[in-house]
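Subject: A structure for you to look at

Hi,

Here's the structure I promised to pass on. Have a look at it first, then read on for what turned up in it.

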Amino acid sequence: METRSLYVHIPFCESICSYCDFCKVYYDQKQSDLYLQRLNEELSQIKQHHLKTIYIGGGTPSALNDEQLEKLMSMLKPYSLEVEEYCMEVNPESMDYYKLKILKKGGINRLSIGVQTFQNHLLKEIERHHNTIQVKNIIKYAKEIGFDNISIDLMYGLPKQTKEDIQKDIEVLKSLDLQHVSYYSLILEETILKYKNYQPLDEESEYQLTLFIDQELEKIGFEKYEISNYAKQGYQSKHNLMYWYYNNYYGIGLGACSKIDGQIIEHSRSLTKYLNGDFKTTTIDETKEETMFNQIMMSLRLKEGLDLNKFKERYQEDARILYKEAITRNIEKGRLMIEN
């Protein structure tokens with residue numbers, strides 16, 4: 001299978017959020033300079049051929065200073081010449097007008113802004129260091145500069161968050177004229193909140209809030225196309241769809257992951273080793289059965305589901321025969337349907 005997507009991980013953060021379990025470390029300028037050097041070395045191992053999407057995630061990529069962002073854009077420029085979607089995650093407190101100009105000049109055409117909530121008292125509960133005014137300013141600046149594909153992340157199930165808080169967040173979202181929103185339920189992995197014994201939502205409460213969010217977002221023009229993702233027409237995340245279709249992708253940087261056909265290639269999370277030029281990876285060989293199962297699992301996150309014809313074309317297997325018992329059982333329970 002052709003590999004047409006690239007994920008780039010920038011692990012640095014100016015502060016550590018209490019709910020986050022992604023691969024991250026505190027920002028240090030010298031470490032960041034060396035990291036970009038190592039990242040460039042790893043990048044040079046990738047063939048420059050017809051990439052469709054690039055996604056720079058973290059961590060907090062916008063924690064890099066101006067010179068470092070310019071260097072990152074320069075490194076990635078040869079790989080971005082034909083991309084349809086070139087996205088970077090940014091945080092409001094580490095973003096400004098000049099950094100946005102650097103990204104625009106570098107070819108970034110989609111922003112993903114980490115907002116989580118517009119309620120300032122709730123931001124303090126999860127140790128976020130921005131406020132609603134900063135979010136609105138960054139969105140305003142981005143639009144002035146020419147960004148017309150802006151997504152934000154929101155969360156529910158936060159400490160002390162009420163249904164009314166969620167309603168207020170959606171009202172603010174409505175006023176901002178954005179193209180995409182990712183709305184995540186708080187999941188307690190090995191994070192600070194977990195060790196503070198915060199009790200997450202029970203399943204029924206989470207279900208009811210999910211329905212409420214679905215309905216409210218639909219009213220303001222956002223169609224749900226994946227478990228946690230909503231877009232206005234034509235603005236679904238092309239990069240994330242690549243994961244959900246279980247296509248190939250390159251992943252570079254600390255803790256990043258690649259999928260190349262039947263292999264999953266995982267990077268070590270050791271910053272010390274990475275800075276020393278040890279791009280240690282672990283390769284996991286998937287059996288055909290595992291690959292097929294994973295594609296079904298990822299496809300069923302999507303509203304559109306699994307394309308049975310494309311599945312057969314990819315694996316020379318008929319999913320309806322291969323998984324007949326499970327499909328029949330779930331159709332009878334009203335959990336699945338076969339359409340067209």
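One thing before we start: contact, or touching, means heavy atoms within 4.5 Å. Also keep in mind that this is a predicted model.

Let's begin with serine 185, which lies in strand β8. Leaving aside residues up to four places away in sequence, serine 185 touches Tyr156 and Glu206. With glutamate 206 there is also a polar contact between the two side chains, at 3.2 Å. Is serine 185 buried or exposed? The cut-off for buried is under 20% relative accessible area, so serine 185, at 14%, counts as buried.

Next, helix α8, which covers residues 203-219. How far apart should its ends be? At 1.5 Å a residue, its 17 residues should span 24 Å, and the end C-alpha atoms are 25 Å apart, which agrees.

Now look at which side of α8 is hidden. Leu209, Thr210, Phe212, Ile213, Glu216 and Leu217 are buried. Looking down the axis of α8, you'll find the buried residues within an arc of 165 degrees, so they line one face of the helix. What do they pack against? The list is β7 (150-156), α6 (163-176), β8 (180-185), β9 (223-226) and β10 (229-231). On the face of α8 turned away from the buried side, you'll see the exposed residues Glu203, Glu218 and Lys219.

The two ends of α8 are worth a click too. At the start, a side-chain oxygen of aspartate 202 comes to within 3.1 Å of the backbone nitrogen of glutamate 204. After the helix comes glycine 221, which has a positive phi, near 95 degrees. And one of the buried residues, phenylalanine 212, has the charged end of lysine 163 sitting over its ring, 4.6 Å from the centre.

On to the aromatic rings. How many aromatic pairs are there? The count comes to nine. One of them is tyrosine 97 with tyrosine 141, an edge-to-face pair with 5.6 Å centre to centre and 85 degrees between the planes. This pair links distant parts of the chain: tyrosine 97 is in helix α3 (residues 97-106) and tyrosine 141 is in helix α5 (residues 132-145), 44 residues apart. Tyrosine 97 counts as partly exposed at 37% relative accessibility, and tyrosine 141 is partly exposed at 27%. Tyrosine 243 and tyrosine 249 make an edge-to-face pair as well, at 4.9 Å centre to centre and 90 degrees between the planes. Here tyrosine 249 is buried, with a relative accessible area of 12%.

Last stop: threonine 117. Where is it? Threonine 117 is in the loop between β6 (110-116) and α4 (120-125). This threonine is buried, with a relative accessible area of 1%. Its side chain reaches the backbone nitrogen of glutamine 119 at 3.1 Å. Not counting residues up to four places away in sequence, threonine 117 touches Leu122, Leu123, His130, Leu154, Leu158 and Asp169.

Conventions
Residues are numbered from 1 along each chain as its sequence is written. This is a predicted model: local features need pLDDT of at least 70, side-chain atom pairs count only at pLDDT 80 or more; totals for chains, interfaces and linings use all residues. Side-chain values use heavy atoms; hydrogens and water are left out. Helices (H or I, at least four residues) and strands (E, at least two) are DSSP runs, numbered from the N terminus. The expected span of a helix is 1.5 Å times one less than its number of residues. Buried means under 20% relative accessible area, exposed over 50%, partly exposed in between (1.4 Å probe, protein chains only). The arc is that of the directions from the helix axis to the C-beta atoms. A polar contact is a pair of N or O atoms within 3.5 Å; within protein, one must be able to donate a hydrogen and the other to accept it, and residues adjacent in sequence count only if both atoms are side-chain atoms. Rings of Phe, Tyr and Trp (its six-membered ring) pair if their centres lie within 6.5 Å; planes under 30 degrees apart count as stacked, over 60 as edge-to-face and the rest as tilted. A charge sits over a ring if NZ of Lys or CZ of Arg is within 6 Å of the ring centre and within 35 degrees of the ring normal.
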